[in-house]
Amino acid sequence: MKLSAAGLPAIAAVVLACTLPSQVNLIVNGDFETKTIAPWVESGWASSSKVSMHDCAGAGLSYTFNCLHGGKSGQTRRPNGYWPGNAIEQTVLMVQTAEYLFTADVQIQNVQSPSTGNADAGLIELFIGGVSVGKHNFGSYAGNSKPRARMCFRFKGPSTGLKAFKLDFSRRYYSSGRTPTAFIDNILLTLAPSEPIICPLLERKINATATIDIAGTASSRFALFYGTGKFASGVRVPGFSGAWWLSGVSGQMFVNTFSGTGNFIWKPMIPNDPGLVGFLIHWQAVEANTRVSIGEVTSFAFYR
Ligand SMILES: [Ca+2]
């Protein structure tokens, strides 16, 4: 099927022939909006950990898990030289070789001593049944900064069964009165995600260039769409895989072609418009090759 630049926005207007109940997140309380950590269980060395209101994602205040990064003297360092710090985990039914998409908003901020930089702001790593499947390394920290990132990666289930889904906060040094605080929110685990998949990389500040990774089928044509709203239920479009979620003021950003490895990096200059700050925008891409596939919806805001 040939992708029509004019035809794709009409997807949003298709009759609601079939809807999904909601976006399926295999993680319970991944947004911490219950105001508590449950059913997550803490392990390792829990240091100043709590669920509190914080603007982790740059989209406004929201209940967020946070802890001091790093371990303590007397522990055994890991082979990578990091001190094991705090970890949160819950049990998830995993299927070996099935594909999963993990996303989470993470941030580092030195709450205890804001102007103090740090040689290592730590590593946030996802382990499934003890196997590392992905991580984000904040590296060194500049005083008075609040670096944000979106963890976003796909992985194959390492084994089948009820597995510990553990987010681990380790660091090259152990915690002290000047250690930065790590924040995490909006933890989402999707089984068999539909391509294309959109992941913002690095910071998303206004008056700066953003970097958005879009991944799909090699050499396929695709279109990127945005919406100011998101339906409560995804809309299935007959003949297309995936589901359509964008509502409100929505439109097409551009049409382009994935590389031979199925990637496209979009680097838009974000206007210096205070009206954009904290405004949640929803995104989906649609690709066409032997069939039309509507990719996973993702949402993020821009911030100062
Ligand atoms: Ca939250």
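Where pLDDT is low, predicted coordinates should not be read in detail. For the protein chain, the mean pLDDT is 92, and 93% of its residues reach 70 or more.

This is a predicted model, in which local features need pLDDT of at least 70 and side-chain atom pairs count only at pLDDT 80 or more, while totals for chains, interfaces and linings use all residues. Residue numbers start from 1 along each chain as its sequence is written.

Now the domains. The protein chain splits into domain 1, 8-23 + 194-300, and domain 2, 41-191, with bounds from an automatic or database domain assignment. Their C-alpha centres are 27 Å apart. Domain 1 puts 10 residues into the contact and domain 2 puts in 11. On the domain 1 side, the largest share, three residues, belongs to strand 12, residues 197-201. Strands here are DSSP runs of E, at least two residues, numbered from the N terminus. That side of domain 1 has six nonpolar, one polar and three charged residues. Nonpolar means Ala, Val, Leu, Ile, Met, Phe, Trp, Tyr, Cys and Pro; charged means Asp, Glu, Lys and Arg; the others, Gly among them, are polar.

Five strands make an open, antiparallel sheet in the order 3-4-11-6-9, where pairing requires at least two DSSP bridges between two strands. Strand 3 (50-54) and strand 9 (148-156) are at the edges with a single partner strand each, so one side of each has no neighbour in the sheet. Direction ignored, neighbouring strands are turned by 35° against each other on average, with axes as lines fitted to C-alpha atoms and angles defined from 0 to 180 degrees between N-to-C directions. Strand 4 (residues 62-68) pairs with strand 11 (residues 181-191) over four bridges, in the antiparallel sense. L68 is opposite T181 in strand 11.

Last, one residue. K230 sits in strand 15, residues 221-236. Beyond its neighbours within four places in sequence, K230 contacts W245, L246, S247, H282, V297 and S299. W266 is 36 residues away along the chain, and the C-alpha atoms of K230 and W266 are separated by 22 Å.

Key. Contact = placed C-beta atoms within 7 Å. pLDDT = per-residue confidence, 0-100.
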